[in-house]
Amino acid sequence: MAVEERAAAIVLRANDYGDADRIVSALTRECGKLGGIARGLKKSRGRFERRLEPFSHVMLYFRRRPHGELVFITRAESSGLEAFEPGDDLAKFALGAYMLELSEALIREGIDCAAAYDLLSAALGELCRNGASTALRQAFELKLLRWAGYGLDFNGCRRCAAKGEADGVRFAFVVAEGGLLCDRCRRGSLSGGLTLSAFSLEQLRRLAILPIQSAGAQAAASADAVGAIDRFIAYTVERKLRSLAFLQSMLPA
Ligand SMILES: [Zn+2]
């Protein structure tokens with residue numbers, strides 16, 4: 001039998017399987033993203049002191065199976081790990097559920113995820129302590145996209161050296177470029193562009209580099225930027241996230 005391993009984990013998604021089992025997707029600090037099955041979860045409260053459900057932050061004990069199948073989850077303990085509990089605050093729940101789904105969509109299995117785990121953990125902690133805000137949402141999106149290799153660039157034109165509105169150069173965000181094109185470079189290009197205000201560009205640049213812990217208190221970039229990043233994420237993950245409509249209703253841009 002495979003050796004039992006353990007890893008600190010945040011449950012991203014969980015679905016009942018049959019009467020007693022549960023299938024989960026979890027982001028772990030030590031072992032990357034894992035898909036696992038917890039057998040007899042409802043009957044054995046001892047082994048699973050906290051239910052395995054989205055937002056659960058647990059030490060996960062598991063055994064691997066051959067051929068990359070779902071791991072067998074043997075135990076889950078919550079001691080010593082920060083609890084992420086949105087309570088009955090619907091805006092917190094909506095943004096947290098969106099963070100979990102975005103992580104599930106952008107993070108592949110089989111790669112080192114320690115930095116992504118640290119980012120998600122810090123973002124959920126900040127959310128549960130201080131509440132939902134568009135700035136926290138944007139900082140999380142920008143940082144997770146960068147970690148996943150889809151870093152957005154709001155510093156200047158992707159194709160030429162043009163930088164800054166001060167020179168009278170105007171920019172638009174082009175989804176397929178993952179950043180800005182100046183008016184000159186955009187001319188003759190088939191890709192449309194989304195105009196972002198100078199204020200939004202400035203805030204996006206700030207939120208991208210600030211620690212996630214201080215992002216929530218900042219001014220957010222405006223609705224133009226929220227729409228642009230939504231479009232980019234849908235383009236990148238090739239679908240619209242299920243949690244997005246609820247987030248938009250709970251935390252309007
Ligand atoms: Zn240009």
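Visitor: How many of the 14 residues of α3 are buried?
Guide: Twelve of them, so the helix is mostly covered. Keep in mind that this is a predicted model.

Visitor: Which residues are those?
Guide: The buried residues of α3 include T134, A135, F140 and L145. Charged residues are counted there too, among them R137, E141 and K143.

Visitor: And what covers the buried residues of α3?
Guide: The cover includes α1 (90–106), α2 (114–130), α5 (198–209), α6 (212–215) and α7 (223–237).

Visitor: Let's take α1. At what angle do the axes of α1 and α3 cross?
Guide: They cross at roughly 10° and come within 11 Å. Angles under 35 degrees count as roughly parallel, and therefore α1 and α3 are roughly parallel to each other.

Visitor: Which residues meet there?
Guide: From α1, L95, M99, L102, S103 and L106 meet R137, F140, E141 and L144 of α3. By class, that contact has six nonpolar, one polar and two charged residues.

Visitor: Now α7. Is the crossing of α3 and α7 left-handed or right-handed?
Guide: The crossing is left-handed. The axes of α3 and α7 cross at roughly 35° and come within 11 Å.

Visitor: Which residues of α3 meet α7?
Guide: T134, Q138 and E141 do, and their partners in α7 are A225, V226, I229 and I233.

Visitor: Changing topic, how far does α3 reach?
Guide: From first C-alpha to last, α3 reaches 20 Å, close to the 20 Å expected. Just after α3, G149 takes a positive phi of about 95°.

Key
Residues are numbered from 1 along each chain as its sequence is written. This is a predicted model: local features need pLDDT of at least 70, side-chain atom pairs count only at pLDDT 80 or more; totals for chains, interfaces and linings use all residues. Helices (H or I, at least four residues) and strands (E, at least two) are DSSP runs, numbered from the N terminus. The expected span of a helix is 1.5 Å times one less than its number of residues. A residue is buried if 20 or more other C-beta atoms lie within 10 Å of its own, exposed if 12 or fewer, and partly exposed in between; C-beta atoms are placed from the backbone. Two residues are in contact if their C-beta atoms, placed from the backbone, lie within 7 Å. Axes are lines fitted to C-alpha atoms, for helices over the stretch in contact, and angles run from 0 to 180 degrees between N-to-C directions. Angles under 35 degrees count as roughly parallel, over 145 as roughly antiparallel, 65 to 115 as roughly perpendicular and the rest as oblique. A crossing is left-handed if the near helix is turned anticlockwise from the far one by less than a right angle, and right-handed if clockwise.
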